Amino acid sequence: MSLGEPLSAEERATYEWQLDVPGFGVEGQRRLRDASVLVSRLGGLGGVVAYELAAAGIGRLVLAHGGDVVPSDLNRQLLMTHEWLGKPRIECATARLLELNPRLRIEAVGENVCERNAERLVAEADVIVDCAPLFEERFLMNREAVRQGKPMVECAMYELEAHVTTIVPGQTPCLACLFPSDPPAWRRRFPVFGAVSGSVGCLAAMEAIKVIAGLGEPLFGRLLCFDTRSMAFHAATIRRREDCRVCGEAGQKGAPAS
Amino acid sequence: MKVTVQFSAQLRAAAQEAVCTVDATEGSTVQDVIRGIAEEHGGEVRSLLLDEAGELSPSVLIFADGQQVLWEAPCTVAPDQTVIITTPIAGG
């Protein structure tokens, strides 16, 4: 990736604490500033991902989230506030992010990822962070990420547990390798604390930062699982499926199914 | 031999326990152990683990010794092994 302008004095002052991180430095900061990340939905997960990326100095966010703020958002969706109840989530989130980082460029899309917009939204970004609650949306982003060769950070939660992994098309398992079929038992509404979604949101943001800046060892081919009941963390090796309908040989020859 | 099985996500809620110990016969596979758990628990646990044909749902994640076990690749269990089973989860 060719890097743009040198860091400004304002940027150096804002990011001085992270510029000192070994292996990151000015070059890593410039990579972040020159990068674009798609965050699908800005709920308990995506809101924290977007906020952490904005704080870290990501250059551009492509944000997709439909609907208005409702009371049940407020236990975990940290970009949403009480005074925005009944108003569009995407506008509330955009305002909050720009309060934190006015240099941030945002493409705000007031709808969720769907068949009609998935290809374009993924094309707008260098990295995708999948925070959607429905597997239909998640599989759409996975399909487009594989088609377009874009890394995608996958994060998810349930009750006090969470998962995160980072997909690199052609190198690691994709979402359809992990879940070859639409999980029939998954429900849109499920129990969770905001502190759990926020925890995995921070980890997912860190994965995106690492991928963009070439820092550390992202969770390529590994699924990090943690349970905040016991604070047990483990990372397991995950496997590609040769017959995967999206990234396998069959998926690559024809139009992959979503 | 004893095998420890940990339940995660929706499966944990359905089983109403986080962990159980299974007596497995020599040479049995992780897949055999999971089928046994599905049949023993029945109800929601069975419906999360098995499809209508009685095969393990392909979207159930199984881990043994830190490695994913695919349903279609039989994996022999070892004494005192821990198997982790988790069902798909998402964001929100």
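**Entry 1: the largest pocket**

Which strands of chain A and chain B each supply at least two residues of the lining of the largest pocket? I started my notebook with this one, keeping in mind that the model is predicted. From chain A I noted strand E6 (161-167), strand E7 (222-227) and strand E8 (232-237). From chain B I noted strand E1 (2-8) and strand E5 (82-86).

Next I looked up the volume of this pocket, and I found about 300 Å³. Sorting the lining by class gave me nine nonpolar, six polar and three charged residues.

**Entry 2: the cavities**

A friendly reminder to myself: rolling a probe the size of a water molecule over the atoms shows where empty space is left. How many cavities of 30 Å³ or more does the structure hold? I found three.

The largest cavity contains about 80 Å³ of space. I wrote down some of the residues that line it, among them A:Arg138, A:Glu154, A:His163, A:Thr165, A:Phe179 and A:Leu223 of chain A. Chain B takes part in this lining too, through B:Ile89. In chain A, strand E5 (152-158), strand E6 and helix H8 (175-178) each give at least two residues to the lining. By class I got eight nonpolar, two polar and two charged residues.

For the second largest cavity I noted about 50 Å³. Its lining includes A:Arg41, A:His65, A:Gln77, A:Arg89 and A:Arg188, and B:Gly92 is there as well. Here the classes came out as one nonpolar, four polar and three charged residues.

**Entry 3: H4 and H9 of chain A**

I moved on to helix packing. Helix H4 (residues 46-56) and helix H9 (residues 194-213) of chain A pack at an angle of about 45°, and their axes are 8 Å apart. H4(A) and H9(A) are therefore oblique to each other. I also noted that their crossing is right-handed.

Which residues of H4(A) meet H9(A)? I listed A:Val48, A:Val49, A:Glu52, A:Leu53 and A:Ala56. On the H9(A) side, the partners include A:Gly198, A:Cys202, A:Ala205 and A:Ile209. This contact has nine nonpolar, two polar and one charged residues.

**Entry 4: H3 and H9 of chain A**

H9(A) turned up again, with helix H3 (residues 25-33) of chain A: the two axes come within 9 Å and cross at roughly 110°. That angle makes H3(A) roughly perpendicular to H9(A). From H3(A), the residues A:Gly28, A:Arg31 and A:Leu32 meet A:Ile209, A:Ile212 and A:Ala213 of H9(A). I sorted this contact into four nonpolar, one polar and one charged residues.

**Entry 5: H4 and H5 of chain A**

How do H4(A) and H5(A) lie to each other, roughly parallel or roughly perpendicular? I looked up the axes of H4(A) and helix H5 (residues 89-100) of chain A, which come within 9 Å and cross at roughly 25°. That makes the two helices roughly parallel. Their crossing is right-handed. A:Ala50, A:Tyr51, A:Ala54 and A:Ala55 of H4(A) meet A:Arg96, A:Leu97 and A:Leu100 of H5(A). By class I wrote down six nonpolar, no polar and one charged residues for this contact.

Notes:
Residues are numbered from 1 along each chain as its sequence is written. Chains are lettered from A and ligands numbered from 1 in the order in which they are written. This is a predicted model: local features need pLDDT of at least 70, side-chain atom pairs count only at pLDDT 80 or more; totals for chains, interfaces and linings use all residues. Side-chain values use heavy atoms; hydrogens and water are left out. On a 1 Å grid over the protein atoms alone, a cavity is a set of points where a 1.4 Å probe fits but cannot get out, and a pocket is an open set with protein on both sides within 12 Å along at least five of seven lines; lining residues have an atom within 4 Å of a point. Grid points are joined across faces, edges and corners, and a volume is the space filled by probe spheres set on the points. Helices (H or I, at least four residues) and strands (E, at least two) are DSSP runs, numbered from the N terminus. Ala, Val, Leu, Ile, Met, Phe, Trp, Tyr, Cys and Pro count as nonpolar, Asp, Glu, Lys and Arg as charged, and the others, Gly among them, as polar. Axes are lines fitted to C-alpha atoms, for helices over the stretch in contact, and angles run from 0 to 180 degrees between N-to-C directions. Angles under 35 degrees count as roughly parallel, over 145 as roughly antiparallel, 65 to 115 as roughly perpendicular and the rest as oblique. A crossing is left-handed if the near helix is turned anticlockwise from the far one by less than a right angle, and right-handed if clockwise. Contact means heavy atoms within 4.5 Å.
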